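Good morning, and thank you for coming. Please look at the structure as I go through it, and keep your notes for the end.

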Amino acid sequence: MTTPHRAEGLSPLRRWRANGPLSPLAPVAFAVVALVVSPLAFVAVQAAQAGWDQAQRLLGRPVLATLITNTVTLAAAVTFATAVIGFGAAYLTERTDLPGRRWWTVLLALPLAVPEFVRGYSWVSLWPSVHGYWGAVLVMTCSLYPLVMLPVAATLRRTDGAAEEVSRSLGRGPWATLWRVTVPLARPALAGGALLVSLYLLGEYGAFAMLRYTTFATAIFTEYKLGFDAASASLLTSVLVALALLLVGLDAWAGRRGRTTRAGSTGRSAAPAALGRWRLPSLAALAAVVALSLGVPLYALGYWLVKGDSTSLPPASVWSSALTTLGYAVSAALVSTAAAVPVALYGWRRGTWLARSAERAAYLTRALPGIAVALSVVYFAIRYAQPLYQQPPMLVAGYVILFFPLALTAVRAALAQVPPGVEEVARSLGTRPLAVLARVTLPLVLPGLGAAAAMVALTASTELTATLLLRPTGTQTLATQFWVYTSGLAYGAAAPYAALMVLMSVPPVLLLTRRALGSHPTPETPR
Amino acid sequence: MPRLGRPFLALSTTAVSLLALAGCGSSGGDASADGTPAAGGPSSLAGQSITVYSGQHEQTVKALTADFEKRTGISVKLRSGDEAELANQILQEGSASPADVFYAENPPALTVLEEKNLLAPVAPGTLKSVPATDSSPQGGWVGVSARTAAFVTHLGTAADSAPPASVRDLATPAWKGRLGIAPAETDFAPIVTRMIKTDGTDGAKKWLQGLKANAKVYNSNEDLSVAVNSGEVQGGVVDHYYWYRLRDEKTAAGTHSKLHYFTKGDPGALVDISGAGILKSSKHQAAAQAFLAYLDGKDAQQLIAGSQSYEYPLLSGVPGKAELTPLDTIGTVVPVADLGDGKASLQLLQDTGLLQ
C-alpha cells in the first residue's frame with residue numbers, strides 16, 4: 001500500500017530546503033522538548049545534592065526491590081487491561097453498527113474528567129474490600145483506558161475501513177480481519193496510549209495510597225512529605241526515570257515492527273462491521289465499563305450529597321471557580337496541542353535517530369510524580385522567570401509539562417496515518433511550507449488534534465497537586481475547592497464541585513466527537 | 001478576588017491620614033513589641049499586603065485573615081495547600097519566596113525551615129503571649145493552637161468498652177487485626193518521636209514492629225476516621241479533631257464512633273502544636289509580625305476556639321469549645337525541642353517497614 005520512503009522523486013536541493021537547516025521546525029521541536037523534560041534536570045540537580053551515605057541508606061533498603069516489583073507488576077496488568085478495553089471500546093464505537101455509538105463515545109471518554117480523589121475514594125468507601133493489587137488494577141484500569149481509547153478512536157475514524165472491506169471480501173472472517181487488519185492499523189495509537197498509561201503508573205501515588213497499595217512512588221512521597229527532603233526524593237525518582245527509559249525503549253523497539261498505514265483521504269467510507277449476535281454482549285460490555293468507571297464515582301458523589309450534613313448549595317464563587325478551571329484547561333489543551341505538532345511533525349518528517357529520540361524523550365516526564373514536576377516548575381520559574389512566578393502562565397506551563405505526552409501521542413498517531421510524500425507533492429506544486437502545513441497536513445490530522453486537546457483539557461481540569469503549588473495565590477479551581485472541603489471531611493459540600501467537573505466535560509467531549517472525530521461521514525446505509 | 005473590597009479602601013484611607021498625623025513610617029522591627037494583640041492596631045502598616053502560605057484548615061484561616069484585614073487594614077493573600085508540599089515549595093523558592101508567613105499544622109514543617117535558616121525571629125512580645133514550650137526554643141516560630149492525639153473506637157466493640165490506657169498497649173498481640181494507623185500522616189511522627197524519647201530507639205522500634213504486626217495501615221487520618229466509624233477496624237490513633245469534623249459531616253445518626261484519650265503522661269497522650277513563622281526573606285516584616293501577634297491575640301484565639309477546626313486555643317483565658325475534653329486533663333504540650341524535625345522518627349518508621 002505505502003512505502004516508508006518519503007520525499008521520493010524530490011530533488012536533493014528541494015528536500016534540503018524543505019526540511020534542512022533553514023526550516024524552523026527542528027529548533028522549535030527541540031525547544032519544546034527541552035521545556036517538557038526540564039523536570040528531569042531538576043531531579044538530577046536535586047539528586048546530586050544527596051550525599052553518598054544518604055544514597056547508600058536510601059537505595060540499599062531491601063524494601064525497594066519489593067516496591068519495584070509492585071510497581072512493575074501493576075503497570076503490566078493495567079497497561080494490558082487498558083489496551084484491551086481502550087481498543088475494544090474504540091473499535092465498537094468506530095467500526096461497528098453498535099446502536100448509539102456517538103453517545104457511547106462520550107460516556108466512555110468522561111472518566112477522564114473524574115478527579116483522582118473521587119475515583120479512589122468512591123471505591124474504598126463503598127467497598128472496603130477493594131484494595132491492594134487487584135483493587136489498584138481495577139481502579140486504575142477504569143480511570144486510564146480513555147487514554148488508549150481516544151487516540152485509537154481518532155485513528156480509526158480517520159482511516160476509511162477500505163482495508164477491512166478488502167480483507168472481508170477476500171474471505172477472511174471478522175476476527176481475522178480485526179486481528180490482521182484493524183489492530184495493525186491502530187498500532188501507533190495503541191502503542192502510544194499504552195505508553196502513556198504505563199509511564200503514568202510509575203509515578204502515581206494518590207489513588208494507590210487510598211487503596212493501600214504501596215509502589216515505588218510511595219517511597220518518594222515519604223521523603224517529600226515527612227522528610228522535606230527533595231534530595232532523597234529525587235535520588236529515588238531517578239530510579240523511576242531509569243524504569244521510564246526502559247519502557248520508552250521498549251516502545252521504540254515495538255514500534256519498529258511495521259507501520260502499515262493508509263490515509264482515508266478518498267472521502268469514501270466502508271460499511272461498519274455488522275455485530276450480529278455480538279450486539280448484546282458488546283452493549284453489555286460497554287455498559288459494564290461505563291458503570292464501573294463513571295457510575296461508581298457518580299454514585300459516590302450522589303451519596304455524599306444526600307447523606308453529608310455539610311451539603312449546601314455551593315456559594316456563587318463556584319461559577320468563578322468553574323470559569324477559572326475552564327480557562328486553564330482550555331489554555332493547557334491549546335498550548336499542549338500546538339506544542340505537540342512541531343515535535344511530532346519533526347519526528348515524522350525526518351525519521352532520523354535524533355528526531356525520534358527527541359520525540360521519545362518528551363515522554364519521560366510522564367513517569368515523574370506530580371509533586372516533582374510541580375516543584376521543578378517552581379525551581380526554574382523562580383530562578384529564570386521571576387516576573388511570571390505564580391502568575392497564570394506558570395500554571396499553564398505546569399499543565400503543559402505534565403500533559404504534553406498526552407497531546408503528543410494523539411498527534412503522533414494521527415500523523416502515522418498520513419501517506420508519506422503528501423507534503424512533498426504539495427510542495428513540488430509550488431505551495432509554500434507553511435501553507436502546506438495549514439492546508440494539507442493539519443487537516444489530515446485534525447481528529448488527532450481534537451483527541452489531543454480533549455485528553456489534555458479533561459485531565460488538566462481535575463489536576464490537584466501541581467495546581468495547588470503553581471496557581472496564582474488566591475485562585476480557586478474546582479479541584480482546589482473540592483480539596484478544601486474533602487480535607488476537612490466535608491464530603492457533602494465537596495460533591496457539587498466534583499459533579500460540576502464531570503458535567504462541564506460533557507459539552508467539549510460532545511463537540512469533539514461531532515467536529516473533530518466526526519469530520520468524516522460514517523453512513524450506516526448500505527451502499 | 002473579594003478581599004480588596006470597599007471596607008479595605010475605607011480603612012486604608014483612614015490609615016493614610018493616621019500615618020500622616022503620626023508621621024511615622026513602618027519600622028522593620030516588631031509592630032507590637034508589648035505583645036498586645038493587633039486590634040485597632042499598627043495603623044502605619046495599613047495598605048500593606050502580606051502573603052500567607054497555610055497548611056491549616058482553610059475555612060478557619062480564611063475567617064482569621066478576613067478579621068485581621070478588617071482590624072488592621074493590612075491585606076492578606078492566602079495560599080492554602082498541604083503543609084508538607086508548601087514547606088517543600090518554600091525550600092525550593094529559597095530567598096526569593098513570595099511568602100511572608102508560613103502557617104503550618106505541625107512543628108516539623110516549621111522546624112525544617114528554621115534549620116535551613118529561612119525563618120526570622122518572632123517578636124518577643126508575641127512569643128510571650130503563649131507558654132514557652134509551645135513555640136520554637138530558638139524563637140523562629142510561635143505556637144498558635146493545639147491538637148491532641150486520641151484513640152477513636154467503633155461503638156460497641158471490645159476496643160470501645162476497654163480502650164487502651166497506653167499507646168504502648170497497641171503493640172501487644174491482643175490488638176492483632178483490630179487496629180488502624182496512618183503512619184504517613186505528619187500527625188503520627190510526633191508520637192514516634194515521643195516514644196523514642198521515653199523508651200529509647202530500641203524500645204520505640206520494638207513498639208513499631210508490634211504495631212506493624214497488628215495494624216491495618218491507612219493513607220490518612222481522614223480515611224482512618226471513616227474506617228473506624230464504619231467498623232472496618234475497631235480502633236485507630238488519630239488527632240482528636242478528625243472525629244469532630246467527621247461527626248459534623250455524618251451527623252449524630254451516622255456517627256458510630258467515639259473518642260478516647262490515653263492516660264495523662266503516656267507517650268500517646270500527646271498535645272501537639274500548630275504554629276506560624278515569618279520568612280526571613282519577607283519584605284513586609286512588620287506587617288508579618290503584626291499577623292503573628294494577631295494570631296496569638298484574644299480575637300484570633302476566640303475565633304479559633306469557636307471554629308469548625310476544633311482545635312484548642314493557646315492563649316490563657318480563652319476557653320476551648322465546651323464539648324472538647326479539657327486540654328489539661330489529656331496531657332501537657334510536648335516541648336517543641338523534643339519533637340525536632342521528625343527525621344529520627346521517619347528513619348525508624350522506614351526501618352520497621354511501616355513506611356516505605
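Phe151 of chain B stands opposite Val237(B) in strand β8(B). The model is predicted: local features need pLDDT of at least 70, side-chain atom pairs count only at pLDDT 80 or more, and totals for chains, interfaces and linings use all residues. Residues are numbered from 1 along each chain as its sequence is written, while chains are lettered from A and ligands numbered from 1 in the order in which they are written.

Let us stay with strand β5(B). Two strands pair if DSSP finds at least two bridges between them. Strand β8 (residues 235-239) of chain B runs antiparallel to β5(B) and is joined to it by 5 bridges. Which strand is joined to β5(B) by 4 bridges? That is β9, residues 257-260 of chain B, again antiparallel; here Val152(B) stands opposite Leu259(B). With β10 (residues 271-279) of chain B there are 7 bridges, also antiparallel, and Thr148(B) faces Val271(B) across that pairing. Finally, 2 bridges join β5(B) to the antiparallel strand β11, residues 312-313 of chain B, where Ser145(B) is opposite Pro313(B).

I turn to the domains of chain B, whose bounds come from an automatic or database domain assignment. Domain 1 covers 6-145 + 273-325, and domain 2 covers 147-270 + 337-351. Two residues are in contact if their C-beta atoms, placed from the backbone, lie within 7 Å. By that rule, 16 residues of domain 1 of chain B touch 15 residues of domain 2 of chain B. On the domain 1 side, α3 (83-93) and α4 (107-115) of chain B are the elements giving two or more residues, and α4(B) gives the most, with 5.

Next comes the nonpolar core, a set of buried Ala, Val, Leu, Ile, Met, Phe, Trp, Tyr and Cys residues joined through C-beta atoms within 7 Å. The largest one has 285 residues, and Val411(A) and Phe102(B) have the most contacts inside it. Helix α19 (residues 392-415) of chain A supplies the largest share of this core, 18 residues. Both domain 1 and domain 2 of chain B give residues to this core, so it lies between them. Leaving aside neighbours within four places in sequence, the contacts of Phe102(B) include Tyr53(B), Leu86(B) and Ile90(B).

As for chain A, its secondary structure comes to 25 helices and 0 strands. Of its 527 residues, 55% count as buried. Between the chains, 39 residues of chain A are in contact with 47 residues of chain B.

I end with confidence. The model scores ipTM 0.86 and pTM 0.86. The pLDDT is the predictor's confidence in each residue, from 0 to 100; chain B averages 86, and 88% of the residues score at least 70. Over residues 1-40 of chain B, however, the pLDDT is below 50.

Technical notes. A residue is buried if 20 or more other C-beta atoms lie within 10 Å of its own, exposed if 12 or fewer, and partly exposed in between; C-beta atoms are placed from the backbone.
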